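Subject: Structure handover

Hello,

Please find the structure below. My notes on it follow.

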Amino acid sequence: MATSRKDFLKKAGAAAGAGLTGMGAAAGAGLTGIGAAQRALGSEGETPPFKLEDPQDFNMHGYAAPALDVVRVGLIGMGSRGSGTARRLAGIEGVEIKAMCDIVPERVEQAKESISMFPQHEPDAYTDGQDAWREVCDRGDIDLIYIATPWKLHGEISINAMENDKHVYVEIPVAQSVEECWEVVKTSERTRKHCVLMSSTAHSGLNAVSLNMVRQGFFGDLIHGEGNYIHDRISDIETRWHLDEFGWFGYRPWRLDENIGRNGNLYPQHGLAPLAQMMDINYGDQMDYLVSMSSNDFSMGPLMEKLAEEDDYYEPYVGRPFRGNMNTTIIRTFKGRTIMLQHDISSPRPGSRFQMINGTGGIIRLYPTPARIAVSHDGWLPEPEFSELVEQYTPEITRRFAELQEGAEDSSGLRSYARVNPTDWRLIDCLRNGLPLDHDVYDAALYSCITPLSEWSVANGFQPVRIPDFTSGSWKTNEPGMDIDLKRGGGDTALL
């Protein structure tokens with residue numbers, strides 16, 4: 001019997017529906033089996049894979065530690081990042097660098113030489129083995145510990161420093177597991193010592209302009225933001241992969257190892273921090289859950305094979321399971337906003353970090369350059385109008401920092417890591433004035449936990465996973481951070 005078009009469409013629809021039902025059962029297993037169970041915090045008889053809440057001992061958001069006229073600093077890890085930070089901090093009023101620590105003595109000597117133009121700094125060197133950092137944390141004449149070691153040590157050193165009555169300024173991430181993130185938070189609350197990330201923030205440039213535009217309502221109600229760590233770190237063979245006299249290479253042996261046996265967004269903080277600050281995450285909104293997906297590795301494996309042909313150092317890396325080239329992680333907040341984060345450091349692409357944010361009233365997009373603003377579907381605003389908006393919405397903190405730079409020693413010729421920036425300056429400024437910090441331990445833990453959560457999602461078929469609330473509900477009443485208008489005070493710490 002011939003099948004009518006009507007019957008055919010009915011049967012096709014039923015088949016498609018069955019397919020969608022099956023797909024929904026498979027994909028939705030994440031939402032039903034994981035999402036619902038986690039939302040109920042185990043009330044369905046299932047235990048969430050990560051601890052989501054812990055009663056707060058003391059709210060570090062908005063906490064103002066006793067003012068320090070001089071901030072005495074110990075630096076741990078004097079490689080490229082650490083030596084650059086030494087140069088940046090050395091040029092800020094009220095900073096005294098007391099100690100430098102690294103397993104390679106030559107790095108400490110080079111870092112000391114780089115700040116020799118500032119006579120107030122006479123740091124002691126600590127280079128005797130892997131645990132020399134403990135001696136720095138034990139000292140009684142240090143107020144702030146800066147950490148730029150391999151990632152696996154960040155959490156341990158941060159906790160030890162706070163236990164020894166020190167504030168902490170740590171390169172990203174603050175820890176590598178959700179459990180250790182919680183330990184960092186609880187230690188900060190118990191000791192009332194600050195622990196903050198040194199990451200991209202909305203303190204300067206178009207990040208600060210964008211944050212101010214958001215707060216002034218230019219973009220309306222926020223809907224979506226995108227941030228990346230897109231940074232080709234493998235193509236330059238000479239700089240990245242040839243061993244130096246210390247047996248190191250530009251990419252760093254420990255960082256290469258971090259890309260093996262792990263698959264997720266390994267470095268989300270640079271793109272995430274400005275977006276989180278614009279969305280009032282941890283003070284007005286909170287991340288709810290994420291889902292993460294990775295491509296295959298198309299670059300690292302072949303590169304190791306190529307390098308091994310020239311240098312047997314790389315032979316053990318041949319055939320290892322490297323993370324995928326591209327990871328895409330999508331976060332949903334309790335207010336229904338979304339954030340997309342991408343990580344790719346092994347493809348030949350122009351770099352980008354904070355990418356864009358849009359709302360019901362418009363969008364700002366920083367990459368690809370030039371940055372643009374739009375307020376309708378008719379197209380991007382012309383450059384003169386864009387420049388006028390940037391001038392109008394440049395916040396007070398950016399203007400104040402620019403004024404201070406005019407009277408300071410010129411650092412424009414230094415590499416980027418060594419040029420003093422508003423994030424460093426504002427940290428010292430707040431500590432010296434006894435002010436709450438612009439970002440805190442809850443931000444550090446939240447931004448850092450995205451990596452292990454994304455790894456879990458990738459490993460479990462790209463299922464959604466709930467994101468811990470390190471504020472334990474305080475985000476609902478916390479006042480906004482990021483005092484870009486300097487309304488709380490400060491801004492009077494000079495640059496040298």
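How are α6 and α15 oriented to each other, roughly parallel or roughly antiparallel? They are roughly antiparallel, in the sense that angles over 145 degrees count as roughly antiparallel, under 35 as roughly parallel, 65 to 115 as roughly perpendicular and the rest as oblique. The axes of α6 (residues 178–191) and α15 cross at roughly 170° and come within 9 Å. Axes here are lines fitted to C-alpha atoms, for helices over the stretch in contact, and angles run from 0 to 180 degrees between N-to-C directions. Helices (H or I, at least four residues) and strands (E, at least two) are DSSP runs, numbered from the N terminus.

Before the rest, the basis. This is a predicted model, in which local features need pLDDT of at least 70 and side-chain atom pairs count only at pLDDT 80 or more, while totals for chains, interfaces and linings use all residues. Residues are numbered from 1 along each chain as its sequence is written, and side-chain values use heavy atoms, with hydrogens and water left out.

Overall

The chain has 15 helices and 14 strands. Of its 496 residues, 55% count as buried (under 20% relative accessible area; exposed is over 50%, partly exposed in between; 1.4 Å probe, protein chains only). Contact means heavy atoms within 4.5 Å; among contacts between residues at least 6 apart in sequence, 76% join residues at least 24 apart.

The mixed sheet

Eight strands form an open sheet with mixed pairing, in the order β13-β12-β11-β7-β10-β9-β8-β14. Two strands pair if DSSP finds at least two bridges between them. The edge strands, each pairing on one side only, are β13 (372–374) and β14 (465–466). Helix α15 (residues 441–459) packs on this sheet and touches β8 (287–294), β9, β10 and β14, with its direction at about 50° to that of β8.

Strand β10 (residues 338–344) has six of its seven residues buried, so the rest of the structure largely encloses it. With β7 (residues 222–230) it pairs in the parallel sense over seven bridges; T338 is the bridge partner of H224, and Q342 that of N228. With β9 (residues 327–333), β10 pairs in the antiparallel sense over six bridges, and here T338 is the bridge partner of R332. Four residues lie between the strands of the β9 and β10 hairpin, where G336 takes a positive phi near 85°.

The parallel sheet

Six strands form a second open sheet with parallel pairing, in the order β3-β2-β1-β4-β5-β6. Its edge strands are β3 (124–126) and β6 (195–198), each pairing on one side only. From one strand to the next the twist averages 25°. Strand β2 (residues 95–101) runs parallel to β3, joined by three bridges, and A99 stands opposite D124. Helix α14 (residues 422–433) packs on the sheet, touching β1 (71–76), β2, β4 (144–147), β5 (167–171) and β6; its direction makes about 175° with that of β5.

The helix contact and the cysteines

Where α6 meets α15, the α6 residues include C181 and V185, and the α15 residues include C449 and L453. The sulfur of C181 has its closest cysteine sulfur in C449, 5.8 Å away, which is too far for a bond. C195 is in no disulfide either, with the nearest cysteine sulfur, that of C181, 9.8 Å away. C181 is buried at a relative accessible area of 0%, and C195 counts as buried at 1%. The structure holds zero disulfides (pairs of cysteine sulfur atoms within 2.5 Å).

Regards
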